[in-house]
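Have the coordinates open while you read.

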Amino acid sequence: MMKSTAIAHPNIALIKYWGNLNDEINLPANNSISMVMSGVSTKTTVEFGSKLNNEIIINDKKATGEKARRVDDHIQRILKLDNRKTNYKIVSKNDFPTGAGLASSASGFAALTVAACDALAMKFDTRRLSIIARHGSGSACRSIHSGFVEWISSQNSEDSYAEQIAPEDHIDLADLVAIVETHEKKVSSKEGHRSAINNPYFKARLSELTKIIPLMRNAIKNKDFQTIGELAEHDCLSMHSVMMTSNPMLLYWQPETIKVINKVVDVRALGLECYFTIDAGPNVHVLCRQENADEIKEKLKSVKGVKDIIVNNAGNGTEVISDHLF
Ligand code: PMV
């Protein structure tokens, strides 16, 4: 039977991917660095067969419109690699809110890639899987690997893939996600990347990143928590400055987002080291040492408007599992 299921985790970017050299095949303008989030996951089952009718079900709902088109494009790309034409059925489930800046497209396209390739019995190494996943959603290429990951920017598709910088148990870092909103965002990151290109601040960001990326890579290798946190916080503000000054303006933050940022700054001033970072959504990721996670979690819970806190360590890469969703 041509059927397989994979589990993938989202990732939180410590150095962000924002803006493409090539929008069609997601060739990023800069290298990005991330950590896989152990506490949340996407499971996807893919089956191929001529009797199936190309049904896509995401979180118990039939996918339609742009969402269905992106999944179908990705499946057609994978079938083409195998010179095959057939129908499919896909069922995918997140155990976290979709579209709220928790990178559901990263875990979604990573799980879809690995399940589809496995169902077709195409045995690819992680570099190849990362390149395939990148076509679905850029940041998905980083979720193929475990731990701390860097995605290389290149003009050439074959050279733009993610690779591991350090394994999941390398450093005792926790990522506490303060959830302030669970609604789907209005502007997807896919559209957002396009708005960066003509922004003069984007050029300034890229030029600064050439210095910052090696610093972040080394900080991870050297288990230098303070530098990781300071660089991640700065890069978050740099990316959101580009978003806010783009046309159309992209303002992903909510009032509660700022409340959590201020809380992080206050908690740090009290001597409990923690740093914030935010992807394309209103929720705030708080980076801290594992030994301080419980105490910081309690402090974040006290912020009005924080609905939930998801606790992550550095997690695993995408894996095939035997537990099918249908
Ligand atoms: O992979 P995309 O198109 O969903 O873009 C992800 C963009 C950010 O989450 C904002 C940053 C990143 O590097 O993950």
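**Notes on the predicted model**

1. Let's start with Leu272: leaving aside residues up to four places away in sequence, Leu272 touches Val267, Asn292, Glu295, Ile296 and Lys299, where contact means heavy atoms within 4.5 Å. Leu272 sits in the loop that runs from helix H7 (255–269) to strand S13 (274–277). Helices (H or I, at least four residues) and strands (E, at least two) are DSSP runs, numbered from the N terminus. Leu272 is buried, at 12% relative accessible area; buried means under 20%, exposed over 50%, and partly exposed in between (1.4 Å probe, protein chains only). Leu272 and Ile296 are 24 residues apart along the chain, with 7.7 Å between their C-alpha atoms.

2. A word on ground rules. This is a predicted model, so local features need pLDDT of at least 70 and side-chain atom pairs count only at pLDDT 80 or more, while totals for chains, interfaces and linings use all residues. Residues are numbered from 1 along each chain as its sequence is written, and side-chain values use heavy atoms, with hydrogens and water left out.

3. Now the overall fold. The chain has eight helices and 16 strands, and its C-alpha trace spans about 60 × 40 × 40 Å along the principal axes. Of the 326 residues, 57% count as buried. Among contacts with a separation of 6 or more, 77% come from residues 24 or more positions apart.

4. Oxygen atoms of the ligand have polar side-chain atoms by them: one of His193 at 2.9 Å, one of Ser137 at 3.0 Å and an N or O atom of Ser105 at 3.1 Å. On its own the ligand has 380 Å² of accessible area, and the protein covers 96% of that. Areas come from the Shrake-Rupley method with a 1.4 Å probe; for residues, only the protein chains shown count as cover.

5. Have a look at Asn94 in strand S9 (residues 88–94). Asn94 counts as buried, with 16% relative accessibility. Its side chain makes a polar contact of 2.7 Å with that of Thr42. A polar contact is a pair of N or O atoms within 3.5 Å; within protein, one must be able to donate a hydrogen and the other to accept it, and residues adjacent in sequence count only if both atoms are side-chain atoms.

6. Finally, some backbone spots to check. Most residues other than glycine have a negative phi, and most peptide bonds are trans. Asn26 has a positive phi of about 50° and is buried at 1% relative accessible area. Lys223, with a positive phi of about 55°, is partly exposed at 49%. The peptide bond from Asn247 to Pro248 is cis, with omega near 0°.
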